[in-house]
Amino acid sequence: MIIREEYLNKLKALKDKHIIKIVTGIRRCGKSTLLLQFQDWLLEQGIDQSQIIFINFEDLEYEDLNNYRSLHKYIKENLKKNSKTYIFLDEIQNVDKFPKVLDSLQLNPDIDLYVTGSNAYMLSSEIATLISGRYIQIEMLPLSFKEYCLAKGGYEDRARKYTDYLLSSSFPYALALDSEPNIIRDYLESIYNTIVIKDIMNRKQVTDSMMLQSVLKFIFDNIGNPFSTKKIADTMTSDGRKIDSKTIEKYLAALKESYVIYQAKRFDIKGKQYLKTLDKYYVVDIGLRYMLLGKQAMDAGHILENIIYLELLRRSYDVYVGKVDSFEVDFVAQNQDGNHYYQVALTVREEATLNRELRPLRMLQDDYPKIVLTLDDDPPRDIDGIKILNARDWLLDLEQ
């Protein structure tokens, strides 16, 4: 079992804090396992098993608790009297009117509450209003390249492991199937079908599954490319499948809510303002992209860009596509310390390519870190204060 240290440490830091801990992320990214690992840690800290209530709402054993009143009654009856009770509610979105339960339980100072959910709908504006100021969200992603390497024995031969990481998927359970590529494909297809049918078509009342898949294929095939909803609609229409921009927006919202895709908005660095057009999209797992498009559709440069984008999210940055005059900075990563600027390229060994990647970074006049990440197996170097680093080493925290 892979210990998800990054997320586990976040939960440890929040233990006994009187706030609801909500772990969100795509199905099968490891949320349930994380809760179980945290429970094991609680037991190691001396917490008694009788102080822990764990309910997985995808388990038929708890089907009777999908009604909010039944759930509330069950928890109240099983609270540990005169001591803290740690409550874990897995896939809470399956419970009707679940915010009422969370809101009520949070009134009790002897309850430490942890929940998970597989779609962002559970934190939509109307629901968040009910639990406003009472929760903290931890967004969970599938395995990072670093976690994958550690699970595969270490950082040696990392060029080959990077390729395996892309082809065999970053979903944790895929590690147990990595010698069976056909089984991995079936596993990813089952995740995809569950998300499309259960999380999108049923909840969003989408009736045309083929059109939804066509839109998703377009996005998967254009990761890292700026485009508008109109461009997608025009492409679909030219292929003989007429669709309007509003329907595209509905599909994109559903795919984002289910954590299949992530949207990177554009940011005017000099003007310090967010732009409203031509966003970029990235996929939560490259294995899903191969499953849907096939390996012949591989664009190694944009796939590397996708991997870097997800890693920046893991490192708790807000990530945007930067614009400086008429040029683009691949990523502006923002946190409380300011900006970090990243360019991503497969190689910069040719002088013309290097200068192209350096140019927008050189135009920036601030003192924030500026980094070019490549797959060149060359020593790190510094050009005019701009670091040129190997992307695999950066992903493994070997180069910063």
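In this predicted model, Glu305 and Lys280 form a salt bridge through their side chains, with an N to O distance of 3.7 Å.

Asp279 lies in strand S7 (residues 273-283), and Lys265 lies in strand S6 (residues 261-268). This pair links parts of the chain that are 14 residues apart. The burial of the two partners can be stated separately. Asp279 has a relative accessibility of 8%, so this residue counts as buried. Lys265 has a relative accessible area of 39% and is therefore partly exposed.

A further salt bridge joins Arg392 and Asp377, at 2.8 Å from N to O. Arg392 sits in helix H15 (residues 391-395). Asp377 sits in the loop between strand S11 (370-374) and strand S12 (381-383). The two residues are 15 residues apart, and their pair links distant parts of the chain. Arg392 is buried, with a relative accessible area of 6%. Asp377 is exposed, with a relative accessible area of 57%. Salt bridges with shared partners also build a network, which joins Lys146, Glu311, Arg314, Arg315 and Asp397. Across the whole structure, the search finds 27 salt bridges. Side chains of opposite charge can pair when their charged atoms come close.

The next feature is a sheet. Five strands form an open sheet in the order S2-S3-S4-S1-S5, and their pairing is parallel. Strand S2 (52-56) and strand S5 (135-139) stand at the edges. Each has a single partner strand, so one side of each is left without a neighbour in the sheet. Neighbouring strands of this sheet are turned against each other by 15° on average, direction ignored. The pairing of S2 with strand S3 (residues 85-90) is parallel and runs over five bridges. Within this region, Ile55 stands opposite Leu89 in S3.

Helices pack on this sheet. Helix H1 (residues 5-14) touches strand S1 (20-24), strand S4 (111-117) and S5. The direction of H1 makes about 170° with that of S5. Helix H3 (residues 68-77) lies across S2 and S3. H3 runs at about 155° to S2.

The buried residues of H1 include Tyr7, Leu8, Leu11 and Leu14. These residues cover an arc of only 125° around the axis, which puts them on the same side of H1. Among the elements that cover the buried residues of H1 are S1, S4 and S5. Helix H2 (31-44) and H13 also contribute to this cover. Just after H1, Asp16 takes a positive phi of about 65°.

Note on methods
Residues are numbered from 1 along each chain as its sequence is written. This is a predicted model: local features need pLDDT of at least 70, side-chain atom pairs count only at pLDDT 80 or more; totals for chains, interfaces and linings use all residues. Side-chain values use heavy atoms; hydrogens and water are left out. A salt bridge is a side-chain nitrogen of Lys or Arg within 4 Å of a carboxyl oxygen of Asp or Glu. Helices (H or I, at least four residues) and strands (E, at least two) are DSSP runs, numbered from the N terminus. Buried means under 20% relative accessible area, exposed over 50%, partly exposed in between (1.4 Å probe, protein chains only). Two strands pair if DSSP finds at least two bridges between them. Axes are lines fitted to C-alpha atoms, for helices over the stretch in contact, and angles run from 0 to 180 degrees between N-to-C directions. Contact means heavy atoms within 4.5 Å. The arc is that of the directions from the helix axis to the C-beta atoms.
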